[in-house]
Amino acid sequence: MLQIEDLHVSVKDKEVLHDINLRINDGETHVLMGPNGSGKTTLLRTVMGFSNYEITAGSIIFKGHDITNVPLHEHARYGMGMMFQRPPTISGLKLGKLLDVTAHHDTAMVQKYAKQMNMVDFLERDINADFSGGEIKRSEMLQLMVQQPDFVMLDEPESGVDLENISLIGESIAKLLEKDRKIVNRHKSGLIITHTGYILDYLDADMGHMLCDGEIKCDGNPREILKSIKEKGYQECIKCQKK
Amino acid sequence: MSEEMIGAGGISLEDRERLELSGIDLSEETRSGSFLQTDQTIHHSSCTSKGIEMLPIDVAMKKYDWLKSHYWNLVDKDKDEYTRYVAEQEPRGFVIIAKKGSKNIFPLQTCLFLKNDGIQTVHNIIIAEEGAELHLITGCASSHTIQKGSHYGVTETYVGKNALVSMTMIHTWGENVNVYPRSATRVEGGGTFLSNYVSMKPVGSVQMYPVAELTAPGAVARFNSVVVAPKGSHLDLGQRAILSAPNTSAELISRAITQGGTIVARSHIIGAAAGTKGHIECKGLILEDGTIHAVPEIEGRVKNTELSHEAAVGKIARAEIEYLMARGLNEEEATATIIRGFLDVRIQGLPESLQRQIDAVIDAAEDGF
């Protein structure tokens, strides 16, 4: 699905990511962990194709296409989707109007997913205007459900979400990633940034990566990495890996 | 009513499109009354709505002697050269009288069409008596063949006690047309005045500063304007509310986009009585170098008035465009979608059919962004 090779990324002429290598196969879900400022969001936004992230070396291959220098919307059209952590408010643009465009005017589908995400009342509201933390996540999730990407990146899906909403978000992500299917029938892949690991209560991740100072310091079982971070803290955890 | 309005037959296909862009339904199917004035000739004036009368002004003045007191009453005849010019002409334009408690489900339409070079003058009087609800759409357009023309329009509107008047004005003028509307409204206790102005097409220049005075408690005024200034267009637009009586309120909203033209968006609320509330919201987008000059003014004259304003002028944020691109829209689609949202002003109290009409006019322009 996704292959990142020797990726170096600069933001405002400063290198933020160094020599990243990552391979995510069809049907796999990976988890990205690491302290604040380690470059997790930068990695997601670079893969999605946002401007301001300059790829100075390396390549990103998605479904066999080299998308290293392909514009953002083409990434989406190839089948990538992203849940934003802090999406912008767009004054005047109704959530329902955007969904209508991305759903190619399939109103029934929009209604179905909006109901599932308890977002029917938000369709006539300006996107993200005065949305609470949980509402933003539900709106993001709804947009992804309509988009049905093959590869979905989630930037801290559990942050700012209360207990009631976290199960709704968690279960929807699991569904989006076809976790309800048998492994052989599962094709959708994901890359999820998490600090708390709560999201792992709702879906199994196949692999975890720890990013620190713009480098992947460790790959392995996500629960084990999380456990060791919780017990020892990030710095000890990194030291352990270096030994 | 399936037959066309009288006088529509003389309008070319191209010009019909321009009138439709201004919200005019020549078949009259979705209207409860129509008025058509081409240059200085009034072709048609009728209304099927019970309790509502629409007449050419000269006819109305002869029929109702009391109208004299409403004529040049809210607008000063000597206000400027344009009002003086209108006063010197044989009166043209329309009078609408909505009798006590009347209501029109389909809006009335008035069409002011400039076909030949020259100056068109109109003087309109709109009266909604106590408890009446009157919805009016005014489409102003010029022929695509016009070389040089002007439109001077005086409108005096009287909103009675607990009455509601919504006036939606859509302009489709040409690059060589100069327009000087002079409008004033008086709103009595519990009355509501809604004014919507839409101009999406090139125009030489428009200069206007309609005013609404709220003269008794409970009166409300809302002004909305949605304008686009292509290169060469100069729009100097104001909206003013005078809150003269206690517990009156006003909201003045404008959305301005320049594609190289000039827009001066003026707004002024005067809070002159206790318990009054007023808010101004002015947002401008500069798509191509041009000018958007927002001049929001709030003037409080008593302790218990609450007035506020917000104004913002700038470009579309990159983060907004990229947010939509991440959903698969290309840059042009994302930009157009954001602009359409920017221009989407929901007008409280406006019937759905009129809102759809406004939406359609804006949608038609969306392709141009």
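What follows is a conversation about how several descriptions of this predicted model are reached.

Colleague: Why is Asp13(A) called exposed?

Modeller: Asp13(A) has 7 C-beta neighbours inside 10 Å, and a residue counts as exposed if that number is 12 or fewer, so Asp13(A) falls in the exposed class. Its place is in the loop between strand 1 (2-11) and strand 2 (14-24) of chain A, and its phi is near 65°, a positive value in a residue other than glycine.

Colleague: What makes Asn247(B) partly exposed?

Modeller: The count for Asn247(B) is 19 C-beta neighbours inside 10 Å, whereas a buried residue needs 20 or more and an exposed one has 12 or fewer, and therefore Asn247(B) is placed in between, as partly exposed. Asn247(B) also has a positive phi, near 55°, without being a glycine, and this residue is found in the loop between strand 15 (234-243) and strand 16 (249-259) of chain B.

Colleague: What makes helix 4 (residues 318-325) of chain B largely enclosed by the rest of the structure?

Modeller: The conclusion comes from the share of buried residues, because 6 of the 8 residues of this helix are buried; they are Glu320(B), Ile321(B), Glu322(B), Tyr323(B), Leu324(B) and Met325(B). What covers these residues includes helix 2, strand 7 and helix 3 of chain A, together with helix 5 (331-342) of chain B.

Colleague: How do you know that the buried residues of helix 3 of chain A are on the same side of that helix?

Modeller: The buried residues of helix 3 of chain A are Leu95(A), Gly96(A), Leu98(A), Leu99(A) and Thr102(A). They cover an arc of only 160° around the axis, and that is why they are put on the same side of helix 3 of chain A. Their cover includes strand 7, helix 4, strand 8 (126-127) and helix 5 of chain A, as well as helix 4 and helix 5 of chain B. Just after helix 3 of chain A comes His104(A), which takes a positive phi of about 50°.

Colleague: Why are helix 3 of chain A and helix 5 of chain A called roughly parallel to each other?

Modeller: The axes of helix 3 (residues 95-102) and helix 5 (residues 133-147) of chain A come within 9 Å and cross at roughly 20°. Angles under 35 degrees count as roughly parallel, and therefore these two helices are described in that way. The contact is made by Leu95(A), Leu99(A) and Thr102(A) of helix 3 of chain A with Ser139(A), Gln143(A), Val146(A) and Gln147(A) of helix 5 of chain A, and by class it has 3 nonpolar, 4 polar and no charged residues.

Colleague: What makes helix 4 of chain A oblique to helix 5 of chain A?

Modeller: Helix 4 (residues 107-116) of chain A and helix 5 of chain A pack at an angle of about 140°, with their axes 10 Å apart. Roughly antiparallel would need an angle over 145 degrees, and roughly perpendicular runs from 65 to 115, so helix 4 of chain A is oblique to helix 5 of chain A. Met109(A), Val110(A), Tyr113(A) and Ala114(A) of helix 4 of chain A meet Leu142(A), Met145(A) and Val146(A) of helix 5 of chain A in this contact, which by class has 7 nonpolar, no polar and no charged residues.

Colleague: Which parts of chain A each supply at least two residues of the side that touches chain B?

Modeller: In all, 19 residues of chain A are in contact with 18 residues of chain B. Helix 2 (72-78), strand 7 (90-94), helix 3 and helix 5 of chain A each supply at least two residues of the side of chain A that touches chain B, and the residues of that side divide into 11 nonpolar, 7 polar and 1 charged.

Definitions and conventions:
Residues are numbered from 1 along each chain as its sequence is written. Chains are lettered from A and ligands numbered from 1 in the order in which they are written. This is a predicted model: local features need pLDDT of at least 70, side-chain atom pairs count only at pLDDT 80 or more; totals for chains, interfaces and linings use all residues. Helices (H or I, at least four residues) and strands (E, at least two) are DSSP runs, numbered from the N terminus. Axes are lines fitted to C-alpha atoms, for helices over the stretch in contact, and angles run from 0 to 180 degrees between N-to-C directions. Two residues are in contact if their C-beta atoms, placed from the backbone, lie within 7 Å. Ala, Val, Leu, Ile, Met, Phe, Trp, Tyr, Cys and Pro count as nonpolar, Asp, Glu, Lys and Arg as charged, and the others, Gly among them, as polar. The arc is that of the directions from the helix axis to the C-beta atoms.
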